[in-house]
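Subject: Structure handover

Hello,

Please read them with the model open.

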Amino acid sequence: MLIINADVFALPPSKPYRADIRITNGHISAIGDLHSVPNEAVFDAHGGVVLPGLHDHHVHLMSFAASLESVACGPPNVTSALELRDALKHHQAGSGWLRGYGYHESVAGKINSEWLDDLLPNRPLRIQHRSGRLWMLNTAAVQWLQANGAQPGQIPADGRWFDQDTVLGNLIGNIMPPISRASLMLAAYGVTGVTDMTPTNTNDTFQLLADMSLTGDLLQSVTLAGTRELNYPLVLHGLSTGATKVHLHESDLPTFSDLSAWIIASHEKHRLVAIHCVTEAELVFALAAFRESGVRPGDRIEHASVTPPLLIDQLCELGLMVVTQPNFIPERGDAYLEEIPADEHANLYRVASFLKAGISIAGGTDMPFGNADPWLAMQAAVMRVTSSGQCLGAHECVSPEEAIALFLGSADQPEMPRQVTEGAIADLCILNEPWHQARTHLSSQLVAATLRRGELIFNRIDQAPR
């Protein structure tokens with residue numbers, strides 16, 4: 001393929017220049033003033049910028065796909081008990097399981113079976129908390145599970161079931177979510193690769209996604225983090241094995257010796273370690289364990305949601321990477337302003353402070369627990385504005401170039417933005433505007449086309465390659 005009339009993106013920013021880009025065997029083979037050859041497809045960028053394809057460094061792909069056939073039950077879609085009732089009442093006449101996602105207590109408090117029974121008494125209903133840890137079940141759901149293998153007393157009487165994803169999936173049956181639909185949505189955002197950070201990923205998950213990639217249902221390359229038992233050693237059909245994922249819960253932390261042993265065992269198997277830290281206590285605990293066990297280049301902290309200045313220094317000293325989600329500022333910022341003490345607001349979802357300290361960072365959306373559109377995360381990194389219009393952490397604002405760089409790293413080097421250069425893999429995102437215009441209003445609506453290894457996986461422009 002030959003891409004003509006392209007504005008070639010570069011970091012650090014350089015003087016814009018127009019060029020043509022030739023793709024051969026999935027790689028960029030030439031950039032310059034080029035002419036098409038016989039039987040070569042030609043794509044006219046019309047002056048739009050050509051970027052490296054975006055990589056979302058923290059996703060939950062299967063859960064995101066499942067959310068596309070589920071009911072949104074939390075902010076920003078649903079913000080009150082009345083809105084939740086309206087969202088669920090449309091499904092009263094249906095049959096079979098109904099799945100909700102994204103619930104938060106700011107909507108209607110700590111809802112339980114009794115509360116849900118008032119809305120949906122006759123259809124099994126399960127709603128996932130936005131933390132991903134809690135399922136809330138109505139009585140019909142509890143009765144169905146008890147009739148289909150749940151042990152007596154296994155499910156709490158109030159229907160609030162913590163940390164039971166695998167058990168629940170086994171009881172209900174692992175119904176395949178619409179991965180193809182989810183993948184097409186990501187392609188429309190310019191995403192050519194993702195890193196799945198679901199802690200329960202196993203070899204079976206790896207094989208399942210590899211098969212989907214082989215059949216064409218999964219368009220993106222995927223790096224799969226997961227359990228310590230995940231041990232696929234090779235790249236297979238666009239998939240590769242990633243870090244061991246450790247999901248800390250402040251209310252139920254492992255022993256310090258156990259966490260240290262997990263880190264050491266993963267390193268001995270040549271696996272990196274990624275630790276989920278959304279509270280200050282979790283981050284302190286993780287940093288101490290890394291200090292005890294040792295850090296390998298590429299070990300990372302997921303979220304670092306609350307990072308006081310002292311912990312910034314420790315992150316820098318240990319050489320740990322941070323994968324952050326600035327999209328939570330518009331999505332959850334108003335709740336943060338209300339629930340978190342004012343003197344801690346400056347510590348939330350930092351970006352600029354990490355960069356200034358020399359900490360390697362990358363960006364993720366945490367979909368479906370965050371919006372899957374990475375351009376919204378970029379906007380948030382630049383603007384830091386909540387949904388109600390309040391600024392949260394203005395000192396953490398970054399430039400558009402720094403924001404997009406969060407999503408330009410590869411899976412194995414998330415902190416290092418890829419470049420559009422000869423010899424690079426032709427994972428590309430083409431916008432319908434040159435960069436000097438697009439940088440002023442970062443939006444997925446600017447994505448004109450997406451290529452993975454030189455193959456079009458999304459084309460918004462009303463033209464066929466010729």
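Which residues in α8 are buried? They are T205, F206, L209, A210, M212 and S213, where buried means under 20% relative accessible area, exposed over 50% and partly exposed in between (1.4 Å probe, protein chains only). The model is predicted, so local features need pLDDT of at least 70 and side-chain atom pairs pLDDT 80 or more, while totals for chains, interfaces and linings use all residues. Residues are numbered from 1 along each chain as its sequence is written, and side-chain values use heavy atoms, without hydrogens and water.

Seen down the axis of α8, the buried residues fall within an arc of 160 degrees (directions from the helix axis to the C-beta atoms), so they line one face of the helix. The face turned away from that side carries the exposed D204, L214 and T215. Just after α8, G216 has a positive phi of about 90 degrees.

There are five aromatic pairs (Phe, Tyr or Trp rings, the six-membered ring for Trp, with centres within 6.5 Å; planes under 30 degrees apart are stacked, over 60 edge-to-face, the rest tilted). W97 and W144 form an edge-to-face pair, 5.4 Å centre to centre with 80 degrees between the planes. Y336 and Y349 are stacked, at 6.2 Å and 20 degrees, and both are buried. Ring pairs join these two tyrosines and F328 into a cluster.

R332 lies over the face of F328, 3.9 Å from the ring centre (CZ of Arg or NZ of Lys within 6 Å of the centre and within 35 degrees of the ring normal).

Regards

Notes. Helices (H or I, at least four residues) and strands (E, at least two) are DSSP runs, numbered from the N terminus.
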